[in-house]
Amino acid sequence: MFSTRNLTADLVQLADVPACLSTAGPDGSHYIAANPGYLRLVERVWPEIQNKDLLAAGTVLRSSQRDRRLWLLETNGYYDAEVAEVRSATGRIVNVEISSQRVWCSGVACDLEYFMPQSGVRLHDAELGLRAAAQKRAAFTPRFSGSLRTMSLLDKRIVIGRIMSLAAEGAVMARNLAETAETADTLTAMVRRLTAFQVANRASPTTVGFDFSDLEYDEIEDLLLRFTGDIWSLIMASEDRDIVDTLRCLVAKYTMPRPVIVNW
């Protein structure tokens with residue numbers, strides 16, 4: 001359909017920075033469009049936020065800064081480079097600058113927003129250790145592999161990134177709960193290899209957060225399978241049953257130890 005709403009939504013997709021389009025209003029703003037950059041920024045796949053209220057979707061934070069930005073849109077029709085915060089699906093609070101324009105889309109007042117992240121993880125392969133000789137001792141379960149094959153590359157990257165963040169945070173939790181020194185030391189060594197990705201989690205100050213948003217899909221997949229492979233090795237070797245159960249719940253939904261894979 002040829003309409004100002006569709007044309008503006010197309011403009012969002014063409015942006016080379018994270019961008020989204022939503023209906024206007026302090027309490028009734030709903031997503032109309034978001035480009036891949038924005039989805040990566042908030043670590044969401046489009047069906048999770050499509051037509052959802054921005055606050056209810058969990059990506060937008062209610063704050064005095066947001067009230068100021070809405071006031072600027074109401075009075076001036078635009079603002080440039082306003083400092084803001086958005087929340088990712090894994091709970092991280094990401095600092096951004098937003099520039100926005102109030103526009104009319106097929107008779108409905110909308111806000112067209114462009115985002116510039118203020119921090120990120122920029123690492124070289126040597127720092128990542130992704131090309132290390134260590135073997136990947138885990139693989140995705142057949143069911144999860146089948147699900148991945150149906151996803152777009154963007155959606156796969158977002159989903160795998162979220163799983164990697166949860167696996168890393170779970171390993172930290174397990175390390176803190178471990179009753180044996182050997183198990184705690186093994187988990188400490190595993191978590192230490194992810195130090196370059198560790199970030200402050202202001203949404204949950206007691207939680208150690210991780211940010212893998214700057215990695216491409218192949219890099220995150222490789223890192224996840226190496227990391228969960230190490231967890232599976234610990235599961236099979238540890239006598240700390242409570243931690244074994246915790247770690248199994250953390251990885252078994254998506255991965256399996258590679259030695260048990262059977263090729264038909």
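Helix H9 is largely enclosed by the rest of the structure, because 16 of its 21 residues are buried, where buried means under 20% relative accessible area, exposed over 50% and partly exposed in between, with a 1.4 Å probe and protein chains only. This helix covers residues 217-237 and reaches 30 Å from its first C-alpha to its last, close to the 30 Å expected at 1.5 Å a residue, the expected span being 1.5 Å times one less than the number of residues. The model is predicted, so that local features need pLDDT of at least 70 and side-chain atom pairs count only at pLDDT 80 or more, whereas totals for chains, interfaces and linings use all residues. Residues are numbered from 1 along each chain as its sequence is written, and side-chain values use heavy atoms, with hydrogens and water left out.

The protein contains 10 helices and 9 strands; helices (H or I, at least four residues) and strands (E, at least two) are DSSP runs, numbered from the N terminus. Buried residues make up 48% of the 264 residues, and the C-alpha atoms fill a box of roughly 65 × 45 × 35 Å along the principal axes.

The largest nonpolar core has 36 residues, of which Leu194 and Phe212 touch the most other members; such a core is a set of buried Ala, Val, Leu, Ile, Met, Phe, Trp, Tyr and Cys residues joined through side-chain atoms within 4.5 Å. Two or more residues of this core come from each of strand E6 (138-140), helix H6 (142-149), helix H7 (153-177), helix H8 (181-192), H9 and helix H10 (241-251). The largest share, 10 residues, is given by H9. Leucine 194, its neighbours within four places in sequence left aside, is in contact (heavy atoms within 4.5 Å) with Met164, Ala168, Phe210, Phe212, Leu223 and Phe227. Apart from this core lies another, of 25 residues, which includes Cys20, Ile49, Ala84 and Leu154.

An open sheet is formed by 5 strands in the order E2-E1-E5-E4-E3, with antiparallel pairing, two strands being taken as paired if DSSP finds at least two bridges between them. Its edge strands, E2 (31-34) and E3 (78-87), each pair on one side only. Neighbouring strands are turned by 30° against each other on average, direction ignored; axes are lines fitted to C-alpha atoms, for helices over the stretch in contact, and angles run from 0 to 180 degrees between N-to-C directions. Helix H1 (residues 4-14) packs on the sheet, where it touches strand E1 (19-23), E2, E4 and E5, and its direction makes about 155° with that of E1. Helix H4 (residues 64-75) also packs on the sheet, touching E3, E4 and E5 and making about 150° with the direction of E3.

Strand E1 is likewise largely enclosed by the rest of the structure, since 5 of its 5 residues are buried. Ala19, Leu21 and Thr23 point one way from this strand, while Cys20 and Ser22 point the other way. E1 pairs with E5 over 5 bridges, and the bridge partner of cysteine 20 in E5 is glutamate 113. Towards E2, E1 is joined by 3 bridges, with leucine 21 opposite alanine 33.

Strands E4 (residues 93-105) and E5 (residues 108-117) pair over 10 bridges, and valine 103 stands opposite cysteine 110 in E5. E3 and E4 pair over 8 bridges, among them one between glutamate 85 and asparagine 95. In the hairpin of E3 and E4, with 5 residues between the strands, glycine 91 takes a positive phi near 95°.
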